[in-house]
Amino acid sequence: MVALRTGLELVKGLRYKLRMMGVPLGVGNDEPTSVFCDNQSVVTSSSVPESTLAKKHLGICYHAVRESVAAGILRIAHIDGKENPADCLTKLLTAAIKKKHVGKILY
């Protein structure tokens with residue numbers, strides 16, 4: 001949840017800069033930014049309105065992410081850990097898997 005909040009702050013800053021440069025951000029200029037997460041509990045707690053907070057120390061992060069989802073800034077979805085292209089930047093992978101993930105990022 002903490003990493004998702006950090007990503008949220010980066011997305012907000014990037015969206016602001018792109019709007020100031022006149023770059024359209026989707027249909028109607030209000031399209032939410034898609035964020036893919038391989039942690040199912042984070043996806044559930046941030047996108048399902050009925051979910052509750054289990055750890056009190058994550059309160060600020062939890063509410064910041066929930067607010068951005070409700071405001072239409074973020075759209076959070078689950079991606080399987082084996083299909084996550086961010087793994088090529090953070091994990092030691094075989095050449096074939098790394099080539100598959102880099103292909104998703106570059107093309």
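Me: At 71% relative accessibility, does L89 count as buried or exposed?
Reply: Buried means under 20% relative accessible area, exposed over 50%, and partly exposed in between (1.4 Å probe, protein chains only). L89 has a relative accessibility of 71%, so L89 counts as exposed.

Me: What kind of model is this?
Reply: Residues are numbered from 1 along each chain as its sequence is written, and side-chain values use heavy atoms, without hydrogens and water. Local features need pLDDT of at least 70, side-chain atom pairs count only at pLDDT 80 or more, and totals for chains, interfaces and linings use all residues; the model is predicted.

Me: Where does L89 lie?
Reply: Helices (H or I, at least four residues) and strands (E, at least two) are DSSP runs, numbered from the N terminus. L89 lies in helix 4.

Me: Which element gives the most to the nonpolar patch?
Reply: Patches take residues with over 30% relative accessible area and no salt bridge; like charges are joined within 9 Å, nonpolar side chains (Val, Leu, Ile, Met, Phe, Trp, Tyr) within 5 Å. Areas come from the Shrake-Rupley method with a 1.4 Å probe; for residues, only the protein chains shown count as cover. L89, V102, I105 and L106 make a nonpolar surface patch of about 410 Å². With three residues, the top contributor is helix 5.

Me: Is H101 buried or exposed?
Reply: H101 is found in helix 5. Its relative accessibility is 1%, so H101 counts as buried.

Me: With which residues is H101 in contact, leaving aside neighbours within four places in sequence?
Reply: Contact means heavy atoms within 4.5 Å. With those neighbours left aside, H101 is in contact with K82, E83, N84, P85, C88 and L93.

Me: How many salt bridges does the structure hold?
Reply: A salt bridge puts a side-chain nitrogen of Lys or Arg within 4 Å of a carboxyl oxygen of Asp or Glu. For this structure, the number is five.

Me: How many residues apart are R75 and E31?
Reply: R75 and E31 form a salt bridge, with their closest N and O atoms 3.0 Å apart. The pair links distant parts of the chain. R75 is in strand 2, while E31 is in the loop between helix 1 and strand 1; the separation is 44 residues.

Me: What do R75 and E31 count as, by relative accessibility?
Reply: R75 has 37% relative accessibility and so counts as partly exposed. E31 has 32%, so E31 too counts as partly exposed.

Me: Which residues are linked in a network of salt bridges?
Reply: K104 and E83 meet in a salt bridge of 3.1 Å, N to O. This pair links distant parts of the chain: K104 is in helix 5 (residues 95–106), and E83 is in the loop between strand 2 and helix 4 (87–90). The network links E83, K100 and K104.

Me: Is D87 buried or exposed?
Reply: D87 forms a salt bridge with K91, the closest N and O atoms being 3.5 Å apart. K91 is partly exposed, with a relative accessible area of 45%. D87 has 8% relative accessibility, so D87 counts as buried.

Me: Which residues have the most contacts inside the largest nonpolar core?
Reply: A nonpolar core is a set of buried Ala, Val, Leu, Ile, Met, Phe, Trp, Tyr and Cys residues joined through side-chain atoms within 4.5 Å. In soluble globular proteins, nonpolar side chains tend to be buried together. The largest core has 13 residues, and those with the most contacts inside it are M1, L4, V65, L74 and I76.

Me: Which elements each supply at least two residues of this core?
Reply: The largest nonpolar core has 13 residues. At least two of its residues come from each of helix 1, strand 1, helix 2, helix 3 and strand 2.

Me: Against which elements do the buried residues of helix 2 pack?
Reply: The buried residues of helix 2 (residues 40–47) are V42, V43, S45 and S46. They pack against helix 1 (2–20), strand 1 (33–37), helix 3 (59–71) and strand 2 (74–78).

Me: How far apart in space are R15 and G81, C-alpha to C-alpha?
Reply: R15 lies in helix 1. R15 counts as buried, at 10% relative accessibility. In sequence, R15 and G81 are 66 residues apart; in space, C-alpha to C-alpha, the distance is 27 Å.
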